[in-house]
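Please read the following alongside the model.

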Amino acid sequence: MSVHEELTRIQHTLDDLSRSVGRLEQQVGSGGLEIRRVRTDAEHLRESVALLREAAASPGAPKRPDLVTISDDPYDLSLWTDTDDEGLGARDRHAP
């Protein structure tokens, strides 16, 4: 099966789940924490499938984040002027 067909099957299954939760909610009532959690989880699944559908519709491979190259050159020592050593305080002062 293609990705589109699988996503369509999932969407139909979620529709069935939503209808079942609605019927259950009518029988049990909508005030309980458990039924609200089930309703919320079903909505989250629906949102996740929508995001998957968008990702599958966009052409090309999944976009990877750009890599940042960190140089092996030593830092400029002037960057550390007037800084405190963590836990030790300033260089020209003594700890209390």
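Predicted model: local features only at pLDDT ≥ 70, side-chain atom pairs only at ≥ 80, totals over all residues.

Residues are numbered from 1 along each chain as its sequence is written, and side-chain values use heavy atoms, with hydrogens and water left out.

The protein has 2 helices and 2 strands, and from the N terminus the order is α-α-β-β. Helices (H or I, at least four residues) and strands (E, at least two) are DSSP runs, numbered from the N terminus. Of the 96 residues, 9% are buried; buried means under 20% relative accessible area, exposed over 50%, and partly exposed in between (1.4 Å probe, protein chains only).

Two packed helices are described by the angle between their axes and the distance between the axes. Here α1 (residues 3-28) and α2 pack at about 165°, with axes 10 Å apart. Axes are lines fitted to C-alpha atoms, for helices over the stretch in contact, and angles run from 0 to 180 degrees between N-to-C directions. Angles under 35 degrees count as roughly parallel, over 145 as roughly antiparallel, 65 to 115 as roughly perpendicular and the rest as oblique. α1 and α2 are therefore roughly antiparallel to each other.

Which contacts between charged side chains does the model hold? The count comes to 3 salt bridges, a salt bridge being a side-chain nitrogen of Lys or Arg within 4 Å of a carboxyl oxygen of Asp or Glu. R46 pairs with D15 in a salt bridge, and their closest N and O atoms are 3.0 Å apart. This pair links distant parts of the chain, as R46 is in helix α2 and D15 in helix α1, 31 residues apart. R46 counts as partly exposed because its relative accessibility is 29%; for D15, at 24%, the class is also partly exposed.

R39 and E25 form a salt bridge at 2.7 Å, N to O. R39 lies in helix α2 and E25 in helix α1, so the pair ties together parts that are 14 residues apart in sequence. The salt bridge of R19 with D16 has an N to O distance of 2.2 Å; both residues lie in helix α1, 3 residues apart, about one turn of the helix.

Y75 lies in the loop between α2 (33-57) and β1 (84-85), and counts as exposed because its relative accessibility is 61%.
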